[in-house]
Amino acid sequence: EMKDTLDFPIDKVVYVMTDFTESNFNFWKDHPQLSPYFHSGQLDSAIFDAVNDDSIKLSNSGVVLGPGTVKNPMCVVANYLFDTLCHDIFQVSPGPTTDGEGLLKEGLISVGSKRSDEPDPLEPEIIKRFDNHFRYDDISADYYKNEGGDEPHLERILKWYQNYFGSSAGSGGSILLPIGAIRAIRRLGAFTNGRAVVISGDKGNNNPEQFRGLLDPHIAVHGSFSVMVNYHAIGTYFTSRGGFALHNPQEEASLKVSTFVLTGDDTPCPAPGMDEEGSDASWLGDAVSDRSDARAKTCPHLCQAFSSAVDQFGPNDFFVLQKSLKEDSPSPPLKAVMALLKLGDWDPDVFYKFRDVILNQVPTCGHKLRNDLCRGIPRVWENYYMLDKDKDVAFEIGRFYYGIREYASALEYYTLSSDTIGQHHVTFHNMGLCYYSMGFPERALEFFGKSLGLNSEYEKAISWRDKVTGELKNAAAGKGGPAPPQSTGPPTSSTGQVTSGYSDSSEEEEEEDEEEGAPGSVAPAPASGDAPTPTPTPPTGAATSAEG
């Protein structure tokens with residue numbers, strides 16, 4: 001899509017996916033949807049330890065990225081990365097000191113277990129029993145040594161906090177400095193001689209007022225552990241190196257997104273009104289943000305893109321909107337779900353979350369809304385990137401098409417479900433229903449048989465097999481062709497509960513369907529098709545079934 005719209009040699013851009021775990025690396029290499037991009041050379045992958053590695057060897061091309069090897073600037077996308085890298089803890093106690101600033105202290109942590117004895121110190125579950133104790137010792141702002149030339153930049157950051165929180169009238173401040181992120185940025189920036197754009201989304205803060213008070217840091221435990229990212233410190237680091245930062249000022253946000261730019265000039269030019277020597281005074285208070293803002297104005301297109309994609313309505317806003325629509329409204333209107341799908345460019349995850357709303361309401365919605373959905377649903381599959389087999393998006397799209405009597409399309413996606421997620425007796429049963437509705441009883445019987453081959457006790461497939469077998473025998477004996485199935489009542493779920501799924505259409509709707517060429521009298525009452533009960537391998541989801 002970008003290649004068709006941008007006046008830019010997109011085919012010269014290489015996207016490199018990195019992780020430090022070999023399992024994720026192998027998952028990408030074997031993923032069928034990534035294969036075309038690997039073959040084109042526009043996608044590559046590598047194992048990269050952001051804290052320790054000074055180079056990246058690309059798996060596909062064999063190219064080694066290292067200091068000075070990349071001719072053009074680099075764009076780094078760090079999504080939920082910085083919160084899991086190492087951080088240093090500091091506190092500033094209210095002054096005054098001899099220089100009028102606060103007392104700067106480093107935080108030291110002793111980690112133990114809440115249990116008196118741990119027989120296996122490598123047991124992963126110990127992380128849930130961490131017992132952390134903190135101690136704070138006095139230090140000076142020139143704390144960092146041997147940081148690859150970043151020592152003056154890190155000293156500026158610490159002095160900024162020492163000055164900001166050091167007032168004797170204040171309550172001090174507690175700062176997490178994301179030293180792991182800064183080291184990773186330094187290493188990656190060296191590939192391009194210090195020219196890079198970094199886009200990062202994570203939990204964190206960019207307003208230093210959030211750091212007021214003398215508190216121990218919160219450590220979140222979730223299989224691993226993580227802390228809040230100090231985007232203000234990262235922005236100050238970029239500004240000290242001659243770059244700038246763009247922050248979203250929204251404070252009530254679980255996902256913060258910031259963009260940082262390095263220009264390659266580590267001897268920063270003073271912003272208007274700053275002294276030419278770049279003395280310490282010009283790096284305190286608002287002087288840092290003023291420098292950053294002045295430099296950002298030299299990149300108006302980037303600033304406009306950030307304002308549009310993050311400030312005005314960003315990823316966190318989209319998350320809040322869909323969460324509210326899902327949890328606060330017991331039965332959101334289909335039009336609202338449709339609007340959310342369009343806002344997210346038909347995101348498969350949004351479709352899956354609201355699949356029951358769509359399946360239950362689309363049979364009775366107006367034709368215009370139904371047509372709009374039909375135009376957009378294929379985009380759901382285009383955007384789908386399978387991460388696991390717990391969410392069978394193709395199966396749910398198949399149910400959608402079955403419910404609106406587009407049986408050929410339903411068969412297409414049921415087949416995709418079998419190919420991508422794996423064969424399941426419910427999928428084969430639903431494919432049998434499609435073939436029967438299209439007037440192919442022999443093919444329907446074949447798929448009811450396949451369903452029973454996977455689950456010989458599946459009652460619905462047994463019922464339909466016997467029904468179709470009887471109709472074919474009657475037809476062979478000259479007693480008439482197969483009769484359309486008669487609805488015996490509302491469709492039921494796989495648990496046997498009556499649902500409000502695809503109920504009979506009104507006579508007026510049926511006539512309109514026939515005029516538009518939709519299957520008519522030979523089709524069963526539209527139903528979503530059965531849905532499987534949760535099992536280790538195949539598709540899951542709420543269910544309605546065609547019965548009768």
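The model is predicted. Its largest nonpolar core has 52 residues, and the largest share of that core, seven residues, comes from helix 16. Helix 16 also packs against helix 17, with their axes 8 Å apart.

**Nonpolar cores**

- Within the largest nonpolar core, the residues with the most contacts are Leu341, Phe351, Leu373, Ile377, Ile397, Phe400 and Tyr401.
- Apart from this core lies another, of 44 residues, which includes Leu58, Val92, Leu158 and Tyr231.
- Ile377 touches Trp346, Phe351, Ile397, Phe400 and Tyr401, when residues up to four places away in sequence are not counted.
- In soluble globular proteins, nonpolar side chains tend to be buried together.

**Helix 16 and helix 17**

- Helix 16, residues 425-437, and helix 17, residues 441-454, pack at an angle of about 170°, and because angles over 145 degrees count as roughly antiparallel, the two helices are roughly antiparallel to each other.
- On the side of helix 16, the residues that meet helix 17 are His425, Phe428, His429, Met431, Gly432, Leu433, Tyr435 and Tyr436, while helix 17 contributes Arg443, Ala444, Phe447, Phe448, Lys450, Ser451 and Leu454.
- Sorted by class, this contact of helix 16 with helix 17 has nine nonpolar, four polar and two charged residues.

**Helix 7**

- In helix 7, which covers residues 287-296, the buried residues are Ala287, Val288, Arg291, Ser292, Arg295 and Ala296.
- These buried residues of helix 7 pack against helix 4 (151-164), helix 6 (231-240) and helix 8 (300-312), and also against strand 15 (244-247).

Methods:
Residues numbered from 1 in each chain as written. Predicted model: local features only at pLDDT ≥ 70, side-chain atom pairs only at ≥ 80, totals over all residues. Heavy atoms only, no water. Axes fitted to C-alpha atoms, helices over the stretch in contact; angles between N-to-C directions. Helix = DSSP H or I, 4+ residues; strand = E, 2+ residues; numbered from the N terminus. Parallel < 35°, antiparallel > 145°, perpendicular 65-115°, else oblique. Contact = heavy atoms within 4.5 Å. Nonpolar A, V, L, I, M, F, W, Y, C, P; charged D, E, K, R; others polar. Buried < 20%, exposed > 50% of the residue type's maximum accessible area, 1.4 Å probe, protein only. Core = buried A, V, L, I, M, F, W, Y, C linked by side-chain atoms within 4.5 Å.
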